[in-house]
Amino acid sequence: MSAIVIDKLVKEYKNGFRALDGLSLKVNSSEIFSLLGPNGAGKSSLINILTTLYKPTSGNVTMLGKDLCKDPGWVRTQIACVAQNVSIDEHLSLMENMIFQSRLYKVDSDIAKKRINTLIDSFGLSQYLKYPVASYSGGVKRRLDIAMNMISMPKVLFLDEPTVGMDITSRRAMWEVMQKIRDDFKTTIFLTTHYLEEADELSDTICIMKEGCELAQGTPRSLRQYTKQNILRIGFSDIEKAKNCAAIIAKTHILPSMTIRECSIFADTEDNQRTFQNVNKWLLEKDIYFKSIEIVQPSLEDIFLKLTGSEGR
Ligand SMILES: Nc1ncnc2c1ncn2[C@@H]1O[C@H](COP(=O)(O)OP(=O)(O)O)[C@@H](O)[C@H]1O
Ligand SMILES: [Mg+2]
């Protein structure tokens with residue numbers, strides 16, 4: 001079942017700017033959905049509409065089977081949103097913050113007690129109970145923020161760039177928390193991120209957007225195959241050797257376009273087998289010393305650059 005269905009959504013601001021320009025996408029129930037796009041793509045505009053803060057100019061959104069614009073009050077009881085600035089009260093203890101939140105959402109106090117204990121346990125927060133909240137690291141504060149937003153047991157949890165500015169250890173801890181939420185509580189998670197490897201490792205589905213429009217949607221795996229094009233990689237012992245070789249290749253017609261990174265030449269191939277054989281033969285004939293030659297699948301980054309760059313749409 002789909003948790004969210006968005007159909008030809010348009011958001012035009014008062015100054016006439018179109019932040020969303022006919023966007024369509026689908027979010028499945030109980031999945032981690034990542035919205036990936038460069039700055040200004042319209043990610044926050046979309047989250048603001050989905051959390052009923054803004055009204056769309058046109059188009060339809062169905063959330064949990066109901067029309068978002070007809071039933072915004074009901075939708076609000078089913079969702080929670082973790083904004084970019086942490087919303088915990090540093091003058092209260094961890095437990096007081098959780099209890100305060102449960103009262104705000106009018107959760108019955110016996111149910112709240114059980115949920116709070118489960119959440120503290122699930123999110124690995126029990127070791128922090130005896131310390132003041134003000135002393136927590138950014139990562140732990142954010143984890144507490146998410147735990148607080150789970151007290152109402154939302155069906156859909158929205159997270160705007162939940163790991164921005166975190167070190168890799170805190171980010172990994174956060175990924176585990178999100179996967180736990182999905183697996184233990186069957187919550188649908190809708191998040192925005194600009195970290196490609198995060199979307200890749202964490203999400204069930206990724207939507208890449210640009211200028212208010214979706215460019216591609218699918219599993220990380222299916223997006224990799226999106227270009228239907230593999231890449232030829234020629235590896236060298238250092239980047240200078242790669243550059244020298246690329247300069248010689250550029251004078252021939254054997255590879256139409258090349259990029260150089262990580263001591264390797266990368267080139268799109270039309271016909272894997274033939275290109276591989278031609279280039280391999282040419283390198284041997286010219287007596288060029290290389291370490292490896294192989295056909296590789298494009299990375300998510302290759303696809304992201306392809307879609308959001310000048311070749312987009
Ligand atoms: N209230 C507003 N009025 C006019 N333009 C806006 C408003 N909010 C955002 N925008 C513009 O809409 C575009 C998309 O913004 P936003 O949704 O914040 O993108 P993202 O979150 O992907 O960076 C940007 O060009 C931004 O300047
Ligand atoms: Mg934003």
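Here are some friendly notes on this predicted model, taken sheet by sheet and then on to a ring pair and a pocket.

1. **The six-stranded sheet.** Let's start with the open sheet whose strand order is β6-β7-β8-β3-β9-β10, where the pairing is mixed. Its edges are taken by β6 and β10; each of these has a single partner strand, so one side of each has no neighbour in the sheet. From one strand to the next, the twist averages 15 degrees.

2. **Helices on that sheet.** Which strands does α5 touch? Packing on the sheet, α5 touches β6 and β7 (156-160). The direction of α5 makes about 165 degrees with that of β6. Helix α6 (residues 168-185) also packs on the sheet, where it touches β3 (32-36), β7 and β8 (188-193). Its direction makes about 155 degrees with that of β8.

3. Lys210 stands opposite Cys213 of β10, while Ile206 has Gly218 of β10 as its bridge partner. Two residues lie between the strands of this hairpin, and Glu211 in the turn has a positive phi of about 45 degrees.

4. **The four-stranded sheet.** Another open sheet has four strands in the order β12-β13-β11-β14, with antiparallel pairing. Here β12 (258-261) and β14 (292-296) are the edge strands; each has a single partner strand, so one side of each is left without a neighbour in the sheet. The twist in this sheet averages 20 degrees from one strand to the next.

5. **Around β11 and β14.** How many bridges join β11 to β14? Strand β11 (residues 231-235) and β14 run antiparallel and are joined by five bridges. Within this pairing, Gly235 is found opposite Ser292 in β14. Across β11 and β14 lies helix α10 (residues 272-285), which runs at about 170 degrees to β14.

6. **A pair of tyrosines.** Searching the whole structure turns up four aromatic pairs. For Tyr13 and Tyr54, the ring centres are 6.1 Å apart and the planes are at 90 degrees, so this pair counts as edge-to-face; the cut-off for that label is over 60 degrees. Why does the pair tie together parts that are 41 residues apart in sequence? The reason is that Tyr13 sits in the loop between β1 (2-12) and β2 (18-28), whereas Tyr54 sits in the loop between α1 and β4 (58-63).

7. **The largest pocket.** This pocket has a volume of about 440 Å³. Among its 25 lining residues, Cys81, Val82, Ala83, Tyr105 and Asn149 are the closest to the centre. Which elements supply at least two residues of the lining each? They are α1 (43-50), β6 (79-82), α3 (94-104) and α5 (138-149). By type, the lining residues divide into eleven nonpolar, ten polar and four charged.

Conventions. Residues numbered from 1 in each chain as written. Chains lettered and ligands numbered in written order. Predicted model: local features only at pLDDT ≥ 70, side-chain atom pairs only at ≥ 80, totals over all residues. Heavy atoms only, no water. 1 Å grid on protein atoms, 1.4 Å probe; cavity = no way out; pocket = protein on both sides within 12 Å on 5 of 7 lines; lining within 4 Å. Points joined across faces, edges and corners; volume = space filled by probe spheres on them. Nonpolar A, V, L, I, M, F, W, Y, C, P; charged D, E, K, R; others polar. Pairing = 2+ DSSP bridges. Axes fitted to C-alpha atoms, helices over the stretch in contact; angles between N-to-C directions. Contact = heavy atoms within 4.5 Å. Phe/Tyr/Trp six-rings, centres within 6.5 Å; stacked < 30°, edge-to-face > 60°.
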